[in-house]
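Reader: I've got a protein model open and I'm new to this. Can we go through it together, one question at a time?

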Amino acid sequence: MSRYRPPGAPKGAYITKEGADKLLAELKYLWKVKRPEVTQSVSDAAKLGDRSENAEYIYGKKQLREIDRRVRYLEKRLDQCTVVDRLPVDRSIVFFGAWVTLEDDDGNQERFRIVGPDELDHHEAYISMDSPVAKALLKRHEGDEVVLRRAGGERTFFIEQIEYVEPV
């Protein structure tokens with residue numbers, strides 16, 4: 001039995017200005033604050049003697065590996081992503097970065113923002129541009145009918161409103 005796993009689907013290479021700023025802030029925090037703290041604690045633990053049985057030393061080295069892995073990922077991802085810092089010319093169409101308000105037949109409304117896959121943890125209403133819902137919404141207009149496939153089956157929604165937030 002092979003341990004090979006095919007690579008996952010490529011992530012969208014777009015990110016909002018706010019998302020890029022948050023990833024950059026995380027990178028700076030890890031590199032300038034967290035890593036020096038952990039490095040100091042590993043150094044202090046190493047001075048205590050036998051490293052093979054020193055739990056603080058072993059845990060600190062593990063933390064350093066995790067921090068370094070995350071730093072490499074953030075640097076690589078920020079280099080790959082295109083920061084979308086302009087609003088589209090035609091704001092009546094759903095594009096990347098749009099806030100979209102949907103309404104179903106019963107009058108229930110849901111609001112989503114289409115963002116890059118690296119920004120999903122920044123807000124509960126954010127959906128990835130790679131998700132089936134976002135793909136169904138992209139390039140649609142206000143008033144368009146959209147059929148979305150969800151866990152409970154297919155549901156029909158109407159695009160009530162499309163909004164864009166001015167990048168800061």
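Reader: How many residues of domain 1 are in contact with residues of domain 2?
Author: Keep in mind that this is a predicted model, where local features need pLDDT of at least 70 and side-chain atom pairs count only at pLDDT 80 or more, while totals for chains, interfaces and linings use all residues. Residues are numbered from 1 along each chain as its sequence is written, and side-chain values use heavy atoms, with hydrogens and water left out. Contact here means heavy atoms within 4.5 Å. On the domain 2 side nine residues take part, and on the domain 1 side the number is 10.

Reader: Where does the chain split into these two domains?
Author: The bounds come from an automatic or database domain assignment. Domain 1 is 14-83 and domain 2 is 86-163.

Reader: How many Å separate the centres of domain 1 and domain 2?
Author: The centres are taken over C-alpha atoms. Calculated that way, the separation is 35 Å.

Reader: What area is buried between domain 1 and domain 2?
Author: Buried area is the accessible area (1.4 Å probe) that two parts lose on being put together, summed over both. Carbon and sulfur atoms give 55% of it here. The total is about 770 Å².

Reader: And which residues in domain 1 lose the most area to domain 2?
Author: Three of them together make up 55% of what that side buries. They are Tyr14, Thr16 and Lys22.

Reader: Which residue forms a salt bridge with Glu18?
Author: A salt bridge is a side-chain nitrogen of Lys or Arg within 4 Å of a carboxyl oxygen of Asp or Glu. The rule finds two across the interface of domain 1 and domain 2. For Glu18 the closest N and O atoms are 3.3 Å apart, and the partner is Arg113.

Reader: Which helix gives the largest share of the side of domain 1 that touches domain 2?
Author: Helices (H or I, at least four residues) and strands (E, at least two) are DSSP runs, numbered from the N terminus. Strand E1 (14-16), helix H1 (17-46) and helix H2 (55-80) each supply at least two residues of that side. With four residues, the largest share comes from H1.

Reader: Why are Lys17 and Asp21 separated by about one helical turn?
Author: These two form a salt bridge, with the closest N and O atoms 3.1 Å apart. They sit in helix H1, so what sets the one-turn separation is their spacing of four residues.

Reader: Which side chain does Asp68 join in a polar contact?
Author: Asp68 is in helix H2. Leaving out residues up to four places away in sequence, Asp68 touches Trp31 and Arg35. A polar contact is a pair of N or O atoms within 3.5 Å (within protein, one must be able to donate a hydrogen and the other to accept it, and residues adjacent in sequence count only if both atoms are side-chain atoms). At 2.6 Å, the side chain joined to Asp68 is that of Arg35.

Reader: What is the bridge partner of Ile114 in E5?
Author: E4 also pairs with strand E5 (residues 126-128), in the parallel sense over three bridges. The partner of Ile114 is Ile127.

Reader: Which residue in E7 does Arg149 stand opposite?
Author: Strand E6 (residues 145-150) and strand E7 (residues 153-163) pair in the antiparallel sense over six bridges. They form a hairpin with two residues between them. Opposite Arg149 stands Glu154.

How values were computed: Pairing = 2+ DSSP bridges.
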